[in-house]
Every structure is written in C-alpha cells, then in structure tokens.
Amino acid sequence: MIVAKCPTRISLVGGSSDLDSFLQKNKKGAVISFPCNLNTYISIHENHRNDFIVDYSLHEKVDSVERIKNDIARVVLGKFLPKKYLTVGFNSDTFSVGSGLAASSSYMISMIKAMSFYHKINMSDFDICKLALELERQFNPLTGQQDTYGCGMMDFKKIEFTLNNDPRFSYLPSDFFEGFDMHLIYTGNTRSSTSVLKSINVNKVTDIVGLVDDMEKSILAYDYDTFYKILREGWKKKKATSERILSDTSMVEIDSLLYSSSSVKAHKLCGAGGGGHFVIFTDKGSSLDFLGGLKKWTTGIGLSQQGLRAMTV
C-alpha cells in the first residue's frame, strides 16, 4: 500500500487576489500563507477485484474510472491511467469538507503524489502543485492559485500571482511562529467555496492586497503588534467583499466573542468564508477557557515541518 500526505493551508492576508477574475482586472495578486500541521492522506493499493474502489464519506465500487463520482479520484486516475484496479482511501486530520483549509486541493496533491509514486514518476513539489491546479479546475473552475501552492509548497511564504505565469515565492522566517500560539475553531458550518467565490466583489479585494507587503515587513521585523493589527484589518476588509462570508448567525456570534476577548490578539475565518474554521492568535500559553463550549471544537496548530510525502507501508 502507498500512503501520501499533504498539509492543508492557512492564508493570513491577500485571499481572493489569486482568483482569475481579480487577476484579469488587476494584473497582480499576492497572499501570505503557510502549510499547517493538519494533513490529508490518500492511500492506494491494487485490489484484484476488477473494480475501482473509492472510500471517503461514501463507498464507491465501479468498473471504470469514468464512473467514479468522487471528482478528485476520477480526474487523477484519468490522468495517470492505472493498468490495474485500485482501491483509493481518503482520510484527514480535521473536518475536511468545507473546512476553509483548502482540503480539496490538499487531497488532490496527496493523490497526485501517491499516483506518481505508484508509477515511479519523478515529480517536484512545484510540478505536482501545478498539475493539481489544472486538474482541480476541471470540476471547480473558480479554484484560485493559492490553494494548491499554499498546501503543497513548504514553508512560510508570500506568494505573488499573475494571470498566465507561474507564481513567485518569497520565503519568510519560520521562527516568527515562536512568538504566539495558534488555534483553529471549527464553526460547525460547512459550505461550498464555489458558491461563496461567485459572490466576491473583486473590486473590494484590492484593498486587501495592499496589506500583503505591510504584513511581510512586520514579519521580517518581528513586529508582532503590527502583524496582529494587519490581520485584524485584513479580516475586516475580507468581510466587506461578500455578505456570504459571515452570513450564519452562529458564526457572527463566534466572531463577536473573539473580538471581545482580551486573550485573542487577532482572528479571521479561513478560506473563502461561509463556514469552516476560525484561526485565532494568542500569547504563548494563554488559557482558552473564555471559549466555553467552543473549546472542545478547538485544535492547536503550527507550521508543517514535513510537507508533501509518500511512502510504502
């Protein structure tokens, strides 16, 4: 059996500037993001049953790749054309559907890594990310560039985007994360990122992109107060890009709770919005008791130290 894993990603500022609709009008976009230590996993093995078997939240058993309903399994197997029947398993460290952590892109990367390993094809992490974006856009054409490259490329980084070119990476000091604790709070809501992305007012994204260079400077200077200030400002501006980002009453209540707590230096909703996870930043060792019942839905996170991997088990 081959098992591959890929981190999910957290975007700190600049989200939506990687969308083609934004780049067509504004030419350039940028985000600051990092792969976190919550992963997706794909397992594959030959099953000798004359069927392709795909296990995720559903169990599929079909006799051809074209009949697979799981989009990721179907397009990746269609690309790599296995000569034998395979069983494919999907697993993750967190709530993966509608998580805001680009889990779909992470799964796509994990499966490409597993299949390239299976076929003994040597692919760089960059090449895998580039192919993952191409394949994901076959069933989700609104997928932005930041998701695959944010998950599959190692380290804390600024990613710069243009419409028809490969992204550029500027790497940031990983020890910046030693200055605070980070936690994810699951909202209990899931959503289709596509429906939220369709509602984004790209004219309002320009103001968010303007914060990326300022955040980069604050990180390089280890200026945490300015870093938190930019995070707060970025979250405020992001909410203004679409009413669907924070439309659910329970999510508005969580947002208000986080604003009111002196323990939270900054927070934002991950991903396109509409559900998934809030990420919060606190001083090292701070108590989370202020969260009350939400504490059980909270997970501590950090920068991924391993990145994209595949192995035989």
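Q: Two strands count as paired if DSSP finds at least two bridges between them. Over how many bridges do β8 and β11 pair?

A: In general, the strands of a sheet pair through backbone hydrogen bonds, either parallel or antiparallel. In this predicted model, β8 and β11 are joined over four bridges in the antiparallel sense. L184 stands opposite T299, a residue of β11.

Q: What is the order of the strands in the open sheet?

A: The order is β9-β10-β8-β11, four strands with antiparallel pairing. At the edges are β9 and β11 (298-301), each of which pairs on one side only. On average, neighbouring strands are turned by 25 degrees against each other, if direction is ignored.

Q: Which strands does α8 lie across?

A: Helix α8 lies across β9 and β10, and runs at about 30 degrees to β9.

Q: How many residues does helix α9 have, and how far does it reach?

A: Helix α9 takes in residues 249-260, which makes 12 residues. From its first C-alpha to its last it reaches 17 Å, close to the 16 Å expected at 1.5 Å a residue.

Q: Which residues of α9 are buried, and which are exposed on the other side?

A: The general idea comes first. An α-helix has 3.6 residues a turn, so residues three or four places apart point the same way. In α9 the buried residues are M251, I254, D255 and L258. Seen down the helix axis, they fall within an arc of 100 degrees, so they line one face of α9. T249, E253 and S260 are exposed on the other side.

Q: How many of the residues of helix α5 are buried?

A: Eight of its eight residues are buried. Helix α5 covers residues 145-152, and its buried residues include Q145, D147, Y149 and C151.

Q: Which residues touch the most other members of the largest nonpolar core?

A: That core has 62 residues, and V76, L77, F90, M111 and I112 touch the most other members. Helix α3 (residues 103-118) gives the most to the core, with seven residues. Leaving out residues up to four places away in sequence, L77 touches F52, V65, I68, P82, L86, V88, M111 and M115. Another core, of 31 residues, lies apart from the largest one; among its members are L101, Y228, I230 and C270.

Technical notes. Residues are numbered from 1 along each chain as its sequence is written. This is a predicted model: local features need pLDDT of at least 70, side-chain atom pairs count only at pLDDT 80 or more; totals for chains, interfaces and linings use all residues. Side-chain values use heavy atoms; hydrogens and water are left out. Helices (H or I, at least four residues) and strands (E, at least two) are DSSP runs, numbered from the N terminus. The expected span of a helix is 1.5 Å times one less than its number of residues. Buried means under 20% relative accessible area, exposed over 50%, partly exposed in between (1.4 Å probe, protein chains only). The arc is that of the directions from the helix axis to the C-beta atoms. A nonpolar core is a set of buried Ala, Val, Leu, Ile, Met, Phe, Trp, Tyr and Cys residues joined through side-chain atoms within 4.5 Å. Contact means heavy atoms within 4.5 Å. Axes are lines fitted to C-alpha atoms, for helices over the stretch in contact, and angles run from 0 to 180 degrees between N-to-C directions.
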